[in-house]
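Thanks for coming, everyone. Please bring up the structure, and let's walk through it together.

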Amino acid sequence: MMELNLNAKHAGDWIYRGEGAANIILSYSGSTSDFVGKVLRVQKVKRNGTNYEEVPSDLSMHEGLLWNEDCDLLSAPTREIAEHLYVQHVMSPRLGSNHVDAGVRVLVSRDFLEAVAKNVFSQRPSWRVTDADVNTQCDYALLISDHSVFPQALRDEEFSISVEIKPKCGFLPCSNYILEEHTMKRCMTRFKLHQTFKLKHKKVSQLSRYDPLDMFSGSKERILKSIKDLFSTPQNNFRVFLNGSLVFGCLGGGKYRTNVRYDRALEDALKFVIQADDGMRTTCFLELVSEAVFRSGLLDRLLQVQKLDVFDIEGAVHAYYDVVSQPCVVCRDLGEDKQQSDRYTSLHTIPLDESLKIVKEYLIAATAKDLSLMISFRTREKEDPKSAYNVILHESIGQSFDYKVSFIDLDMKPLGKMMHYYELDQKIVRCCMKMMKNEISANFEEKSSYQDKSIVEEDDYPTRELAGLILQNLSCQTICEKTGWKSVEGSNHVDAGVRVLVSRDFLEAVAKNVFSKRPSRRVSDSDVNTHCDYALLISDHSVFPQGLCDEEFSISVEIKPKCGYLPCSNYILEEHTINRYMTRFKLHKTFKLKHKKVSQLSRYDPFLDPRKEY
Ligand SMILES: O=P(O)(O)O[C@@H]1[C@@H](OP(=O)(O)O)[C@H](OP(=O)(O)O)[C@H](O)[C@H](OP(=O)(O)O)[C@H]1OP(=O)(O)O
Ligand SMILES: Nc1ncnc2c1ncn2[C@@H]1O[C@H](COP(=O)(O)OP(=O)(O)OP(=O)(O)O)[C@@H](O)[C@H]1O
């Protein structure tokens, strides 16, 4: 621990910077060189502790087992020391030590903390005040680099602008342990699902437009989109600071969207750093941020750490009960449902070290899903070609910037929080399923009968019989040679066909011949139109035009891919926002299931997310 003591007389130098659920951050306004360019991270204590908040001050024996391999946490006398070691030995190597400052522990007296608590009171969001206060029982705080500024200012009047991004989880889970009925977790990010839940419980006043899949996409365009979406709905995922002072977003993590009044303030603040016309600086800044995210490659690294969560909480929670040697509450609740509980039996038979690994990696991923990035920029002087920082040239304004990226909030998540994670996950998914059901019935209840008729019962189609017919018909393909069909000009993959005249008796005979082969639903629905005087002759795409030998076989597959993108039109109503996240195909299948048009949901998803591993 650093030999620095902070007592009541120092409290006036420390001013409120912000806070999260667990800590208050103070920035330094004095002149002691040890503290200049640093922030102090002071622990909070809940006023009404929920279960998971009642974290014991020492590491439990099971937590010791969990982390002992990575760093000697078993010998850490307190949880605080263990947490500090966790940042140094578990998170920093995984994220890159250049981008992490674990900080140093400094002694703080009780009267220092009491004075701080009093001084910051009026600046804290009221809901944070009701929730928790400075923990005056704690005898230390963490001194960490202030990532919103550059350590050595180039000039006296240097300005740095920094952005804080809490990107949350950037991938869709694909664990086999996710229950079938929770399949929406595979299609929509945890962030988006949680937004729906938060909106319902009035934790946010509107849904965030941000989608972590854009941020982690590795595509410049999508990253820029995600930054713009964060800017329009920042919640607690986006803040901007000018020389450490907030100029956009909410201090302490706003529950509600409160940013609009800050928009002008941001444009004004940016004039100290960005040389662009008034009205254009915010746009340039968002482009700059997106370029830095793209170039740093740090989100790829972060994603790898997040993906240590391989089993999803629906799998990891079972390993947790084995780690703590307790009967699995989740299996108990599945009770009679043998089919469901069987799928978890294998997880309860693995050796302890494997269970430990699953839980440990789940918790590391949990830290990675909750941390934030701070990206700071300052104007790069032309005469300073050897800056220690990376540089970005913003081409349209012709200005160069130094930039640096750091990770903050790398806290160890307590083992005792596993059940909380499971319960929250279940609450979120149940809430979203309920909302989806309501939305779908509201949307589709009134549909006209013609739409019902157009729905085919796929399962009822005689696929085997059809396959047999295709094989028998191989010899009939000589028709292709006789007609000498050509493809539609300019397209090798389309044959529009040619119109041929057909007599009424031809059609009547055809109708009779095919009758027994047609699915009964189709027969009752419609018949060959014998009044038509033409038909279309089209290539038989299930065979090759010229067979190489008499007994040639070809096998072909027919795929109906359906609509492969998610609509993003501004004309989609806010309450129809589900259309933006789930394909029309998936939504329609739910509708079909409800109306017994299909007997089960299709596993197929036309929307291929480029970042998801299939
Ligand atoms: O569960 P989540 O995704 O809501 O994440 C919690 C965060 O909520 P949010 O990002 O607003 O959705 C939450 O952030 P806020 O308090 O809402 O600003 C905390 O970061 C919490 O971590 P901890 O309890 O302080 O260790 C976070 O809890 P963890 O799940 O990371 O343990
Ligand atoms: N090293 C730093 N440099 C600059 N600002 C910081 C630093 N660390 C934290 N902050 C600011 O203080 C805020 C709260 O800090 P932090 O995220 O560590 O709190 P927390 O209570 O651990 O958060 P959480 O709610 O995620 O548990 C951050 O959102 C950020 O604005």
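Start at the ligand. In this predicted model, a polar side-chain atom of lysine 168 sits 2.8 Å from an oxygen atom of ligand 1.

How much of ligand 1 does the protein cover? On its own, ligand 1 has 600 Å² of accessible area, and the protein covers 80% of that.

Now the shell. Two elements give two or more residues each: helix H6 (190-200) and helix H16 (418-444). Helix H6 gives the most, with 3 residues. There are 14 residues around ligand 1, and the nearest are Lys168, Lys198, Asp370, Lys417 and Tyr421.

Look at the loop between strand E8 (161-165) and helix H5 (184-187); that is where lysine 168 lies. Lysine 168 is partly exposed, at 21% relative accessible area. Its backbone deserves a look too. Most residues other than glycine have a negative phi. Lysine 168 has a positive one, near 60 degrees.

Find asparagine 243 in the loop between strand E9 (238-242) and strand E10 (245-248). Asparagine 243 is partly exposed, with 34% relative accessibility.

That's my tour. Over to you.

Terms used: Residues are numbered from 1 along each chain as its sequence is written. Chains are lettered from A and ligands numbered from 1 in the order in which they are written. This is a predicted model: local features need pLDDT of at least 70, side-chain atom pairs count only at pLDDT 80 or more; totals for chains, interfaces and linings use all residues. Side-chain values use heavy atoms; hydrogens and water are left out. Helices (H or I, at least four residues) and strands (E, at least two) are DSSP runs, numbered from the N terminus. Buried means under 20% relative accessible area, exposed over 50%, partly exposed in between (1.4 Å probe, protein chains only). A residue is near a molecule or strand if one of its heavy atoms lies within 4 Å of it. A polar contact is a pair of N or O atoms within 3.5 Å; within protein, one must be able to donate a hydrogen and the other to accept it, and residues adjacent in sequence count only if both atoms are side-chain atoms. Accessible areas come from the Shrake-Rupley method with a 1.4 Å probe; for residues, only the protein chains shown count as cover.
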